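The sequence and the structure are shown next.

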Amino acid sequence: MKRRKFLQQAAAGGLLAAAPAMPAAAQSLPTVRWRLAASWPKSLDTLFGSIEDLCRRVSQLTQGKFEIQPFAGGEIVPPLQVMDATQNGAVECGHTLTAFYIGKNPAYAFDSGVAFGLNNRQQNAWLYYGGGLELLRELFKKNGMVQIPCGNVGVQMGGFYRKEINSVDDLKGLKFRIGGLGGTILAKLGVVPQQI
């Protein structure tokens, strides 16, 4: 319904009438510069590269009045301390996988792909149409942060193994690159979760 009303207003010119005044208003605003700490190295172009693109686009849309400088994991803070740095104000924003922080609160996992959970489409449906975004914003607000979905890498559902897995016993002692709630579940089956 919101989309339909937006389109009706846009077609009627209600939203377009203010558009010409926006650049002039933007020119009178002060320049804002933020630092973004990421959990990813620069070599992960799909993750870090998307952050660089986002920062570039924000600068373009604001005519350089809002600039976000991205820093790779370890440049400002260690990769797994991005949320802490954002929360305590060491940086203005961060880009991380919140499943890294389930030790603080297991509910953080639902902001990212939960192993054995929803696929990309289901996660987005829950976020944008099922009340998920509102629930997550309440959770993050308790810690002085605003959560903004920024990408979806899906969930980790399987793996590649040196030997065939035929039973639960074959999982005992198996080193498995998986974290978050998925790692917690598999650890109960004897897997040794690895955070890489």
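Which residues does Tyr108 touch, not counting residues up to four places away in sequence? Tyr108 touches Met83, Thr98, Ala99, Tyr101, Leu139, Phe140, Asn143 and Met145, where contact means heavy atoms within 4.5 Å.

The model is predicted: local features need pLDDT of at least 70, side-chain atom pairs count only at pLDDT 80 or more, and totals for chains, interfaces and linings use all residues. Residues are numbered from 1 along each chain as its sequence is written, and side-chain values use heavy atoms, with hydrogens and water left out.

**Fold and surface**

The protein chain holds seven helices and five strands, in the order α-α-β-α-β-α-β-α-α-β-α-β from the N terminus. These elements are DSSP runs numbered from the N terminus, with at least four residues for helices (H or I) and at least two for strands (E). The chain has 196 residues, of which 28% count as buried; buried means under 20% relative accessible area, exposed over 50%, and partly exposed in between, with a 1.4 Å probe and protein chains only. Of the contacts between residues at least 6 apart in sequence, 51% join residues at least 24 apart. Carbon and sulfur atoms account for 58% of an accessible surface of about 13,100 Å², computed by the Shrake-Rupley method with a 1.4 Å probe.

**Cores**

A nonpolar core is a set of buried Ala, Val, Leu, Ile, Met, Phe, Trp, Tyr and Cys residues joined through side-chain atoms within 4.5 Å. The largest such core has 13 residues, and Met83, Tyr108 and Phe140 touch the most other members. Helix H4 (82-87) and helix H6 (132-141) are the elements that give two or more residues to this core. Another core, of eleven residues, lies apart from it and includes Leu36, Trp40, Phe48 and Cys93.

**Helix H7**

In helix H7 (residues 180-187), the buried residues are Gly180, Gly182, Gly183 and Leu186. Seen down the helix axis, they fall within an arc of 130°, so they line one face of H7; the arc is that of the directions from the helix axis to the C-beta atoms. Their cover includes strand E4 (175-177) and strand E5 (192-194).

**Cysteines**

The whole structure contains zero disulfides, a disulfide being a pair of cysteine sulfur atoms within 2.5 Å. The sulfur of Cys93 is 6.8 Å from the closest cysteine sulfur, in Cys55, too far for a bond.

| Residue | Relative accessible area | State |
|---|---|---|
| Cys55 | 5% | buried |
| Cys93 | 14% | buried |
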